[in-house]
Amino acid sequence: MMPLTLANTGEENIIKKVGGNPETKKFLENLGFVVGGAVTIISEIDGNVIVNVKEARVAVSKEMACRIMV
């Protein structure tokens, strides 16, 4: 298990855990980051990532990406 920030670009990963306080978890779940869901990094700049999750592209900050474990 590793944070989303360490995943390879273009490689599909399965979300294993979403960390953070309850408010942060709910925010990420509303964006589509749920345990068992697939996520693919489209691009990465300084740790901030653009990902493809549930057929949508979402930009995620480095801090939020560190809370998503794949």
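Two strands are said to pair if DSSP finds at least two bridges between them. Strands (E, at least two residues) and helices (H or I, at least four) are DSSP runs, numbered from the N terminus.

The model is predicted: local features need pLDDT of at least 70, side-chain atom pairs count only at pLDDT 80 or more, and totals for chains, interfaces and linings use all residues. Residues are numbered from 1 along each chain as its sequence is written, and side-chain values use heavy atoms, with hydrogens and water left out.

The protein chain has 2 helices and 6 strands. Read from the N terminus, their order is β-β-α-β-β-β-α-β. The chain is as compact as a globular protein of its length, because its radius of gyration is 10 Å, close to the 11 Å that the globule rule gives for 70 residues. That radius is taken over C-alpha atoms, and the rule is 2.2 Å times the number of residues to the power 0.38. Along the principal axes, the C-alpha trace spans about 30 × 25 × 20 Å.

Strand pairing can be followed from S1. Strand S1 (residues 12-14) runs antiparallel to strand S3 (residues 38-45), and 3 bridges join them. One of the residues involved is Ile14, whose bridge partner in S3 is Ala38. S3 is also joined to strand S4 (residues 48-53), by 6 bridges and again in antiparallel fashion. Here Ser43 has Ile50 of S4 as its bridge partner. The hairpin of S3 and S4 has 2 residues between the strands, and Asp46 takes a positive phi near 55° in this hairpin. In a regular strand the side chains alternate between the two faces of the sheet.

Lys17 lies in strand S2 (residues 17-18). Lys17 counts as partly exposed because its relative accessibility is 45%; buried means under 20% relative accessible area, exposed over 50%, and partly exposed in between (1.4 Å probe, protein chains only). Leaving aside neighbours within four places in sequence, Lys17 is in contact (heavy atoms within 4.5 Å) with Met1, Val35, Arg67, Ile68 and Met69. Ser61 is 44 residues from Lys17 along the chain, and their C-alpha atoms are separated by 17 Å.

Some totals complete the picture. Of the 70 residues of the protein chain, 34% count as buried. Among contacts with a separation of 6 or more, 54% come from residues 24 or more positions apart.
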